[in-house]
Amino acid sequence: MLLLPRMSSKLARSLLLLLFAFSICDAVALPGPISDRHRSAALELFAPQHGSFASLEESYEALRIFEILAVREKPDVRATTCPKVLENLVSSTPLKDLFYALKVNGILKCKVNGDIFKDIASRLKATVKDAKTLIDLYYSIGSLLLIKDQASDVDVLLADADGTFHSIKALSQSDGKWRYTDKPESSTYAAGLALEALAGVITLASSEIDQSRVNLVKNDILKLFDSIEKYDDGTFYFDEKLVGGHEHQGSISTTSSVVRGVFAFAAVTSGKINLPGDKILGLAKFFLGIGIPGDAKDLFNQIESLALLESNRISIPLILSLPASVYSLSNKDQLKVRVNTVLGSAAPPLTVKLVRAFSTVAKDSAVIQNKDLKYDQNSGHHVLDVLPDKVDVGIYVFVFEMVLHDADGEKVYATGGQIHVPIYVTGIVKVSNAEIAVLDNDLGSIETQKTLDLAGNDIVSLSANHLQKFRFSFQLTTPRGHAFKPHQAFLKLKHETKYEHIFVVGNAGKKFEIVLDFLGLVEKFYYLSGRYDIELTVGDAVMENSFLRPLGHLELDLPEAPTSKAPRLPPLAVDPYTRYGPKAEITHLFRTPEKRPPTQLSLIFLSLTLLPLIGFLVGLLRLGVNLRNFPSSAAPATYAILFHLGIAAVLVLYVLFWLKLDLFTTLKTTALLGVFLLFVGHRILSHLATTSAKLKSA
């Protein structure tokens, strides 16, 4: 018996469901061939902006991927792309732009004058002769190949093909990798480019390349595949180890570069490159296993590489996939297997053999051996009609093998030998003989015992004290009549104060039983008497009728807690879902407004404050104020006007202070106005003093 930490009932249910989901997800079916989801992703990732793509490289990738996937509702970009193609073909553009312009033209068939191709071919031949880097050779030779396909009357043959072949081969390394230049850094990605370029040289050669040199390159390919990376499931891929001065390439682009180079070289050479079929199949698993990339470049590399794997002279991989990896004994599901090429084409005539199947808990004991699956021509599936009686609910590993009917097919196709597939077999587990009882602690005699139908809605009501025991038992039986042990079997007692206690229910064979001795649990129960709700949880990934159900309640009478040694009640677990619920309303308490004087008294005070202004105006009238001394010249008159405007601004500021301004704002503004009045007032007063002195002297 194990007492688990407390957890909220919602959290417990969530964890139970998540565990079931993760367990099922562990049995992921083998990656299948290309599907409609890839077509949808292609349309989404390669969506033109304002009727065209950002570059010719992106245009080619989009058009090529639409072509491979046979996308019907593809965007029409011919009207906006062909002018760009012609512009790059006519002008002296970089080699990369010229290369992709020719690539796009090969698909769109834009109207290009034959003289343009002749001019480009002559320039490219000169570039090939003087090229010093692998990149320049790759784009130049690739462009000449494209011109050869698009304008057959143009002379694109290389006069010194042997010298060009040697120049490219001189950049190779002993491990099968290649260098971009004469610098020592080598690259796996560059190896793919070099192999493509060499294939182009062989195609463009005016005379046959020395076979010994070709064999050296084949040997380089074998060395390159010796350094291939591998996963435990038989997936193979290439990865770039050194960035150097070039852009870093990920595993998808690096593997794709090698696939393009190897298959291009194999297509133009005689004989066969002896690459193991499991590595070719492993490359197919790699590209299919990445699912649907979220990056347009990665999606293009994936689809184009799979298209090359679909049709090549080395070995065509066959993909075995299962529509489902979970089969129900209750529904009498049939085991179905499909075999296709990587792009979903039909496989050649073959038989799928179930070599053996074994449980993950008894790997040495096979439940199925040497069973041929029947081929259904209507659905294209290889089917096992009925699972044998030895197959019960549980997790199994099925070992399949593809046997080609044509013996020569082994030279063309890669089947991968024995393929291990995890299979979940589910069913309805019978729950029976459920009993719940209260026992006397000393004698073990039964005081109260009740039976339960756990498949129904039976609820029991029990009572016990700290000197008694609680016993609960039930049996689990598989559809084949065997004992079943689920992943989870928990009994929970929840006090009316929300404190929970969870116990693991142990088993012996088919019978599950738990006995709780309340005398030894009083401290763990914090001496809390009262009502405890009883809840049972039984669940497993292969149990179709997993359940979490209440059994009833128990009135438990525990002794009073000793004052000195009483354990403290821990804080109740907080349900994590409550943090996302509505928060408690916050009530603000504002300060009580201060008592104000009566309105009449405020108006009287206002009148008194206006008396000085009235007295000032009356005084001006009594003194006979006039404008006879107002300056007539321009500068003094300007200072006089500004002085009076400053005085008016101060008066307006007083009004604004009364209406809405605070004291600090008013003081800052008054200080600025004071400096201004001091300046203009000093100027006008100086002028008046000078004028008065002149009048007196006169």
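In this predicted model, valine 652 has a relative accessibility of 47% and therefore counts as partly exposed, since that class covers values between the 20% limit for buried and the 50% limit for exposed residues. Valine 652 is part of helix α15, which spans residues 634-659.

The domain assignment divides the protein into five listed parts: domain 1 (35-156), domain 2 (161-315), domain 3 (319-426), domain 4 (430-562) and domain 5 (633-697).

On the domain 1 side, 24 residues are in contact with 28 residues of domain 2. The size of an interface is often expressed as the accessible area that is lost when the parts come together. Between domain 1 and domain 2 the buried area is about 2,300 Å², and carbon and sulfur atoms contribute 79% of it. Of the area that domain 1 buries against domain 2, 28% comes from His38, Leu134 and Tyr138, more than from any other three residues.

Polar interactions are also found across this interface. Five residue pairs, both members at pLDDT 80 or more, are in polar contact between domain 1 and domain 2. Two salt bridges are found across the interface of these domains. A salt bridge also links glutamate 57 and lysine 297, whose closest N and O atoms are 2.8 Å apart. On the side of domain 1 that touches domain 2, the elements giving two or more residues are α2 (36-45), α3 (56-69) and α7 (134-150). The greatest contribution to this side of domain 1 is made by α7, with eight residues.

Helix α9 was considered separately. At the N-terminal end, α9 is capped by serine 187. A side-chain oxygen of serine 187 lies 3.1 Å from the backbone nitrogen of tyrosine 189. Of the 17 residues in α9, 16 are buried, so the helix is largely enclosed by the rest of the structure. For comparison of terms, a residue is buried when its relative accessible area is under 20%, whereas valine 652, at 47%, is partly exposed.

How values were computed. Residues numbered from 1 in each chain as written. Predicted model: local features only at pLDDT ≥ 70, side-chain atom pairs only at ≥ 80, totals over all residues. Heavy atoms only, no water. Buried < 20%, exposed > 50% of the residue type's maximum accessible area, 1.4 Å probe, protein only. Helix = DSSP H or I, 4+ residues; strand = E, 2+ residues; numbered from the N terminus. Polar contact = N/O pair within 3.5 Å; in protein donor to acceptor, adjacent residues only side chain to side chain. Domains from an automatic or database assignment. Contact = heavy atoms within 4.5 Å. Buried area = accessible area lost by both parts, 1.4 Å probe. Salt bridge = Lys/Arg side-chain N within 4 Å of Asp/Glu carboxyl O.
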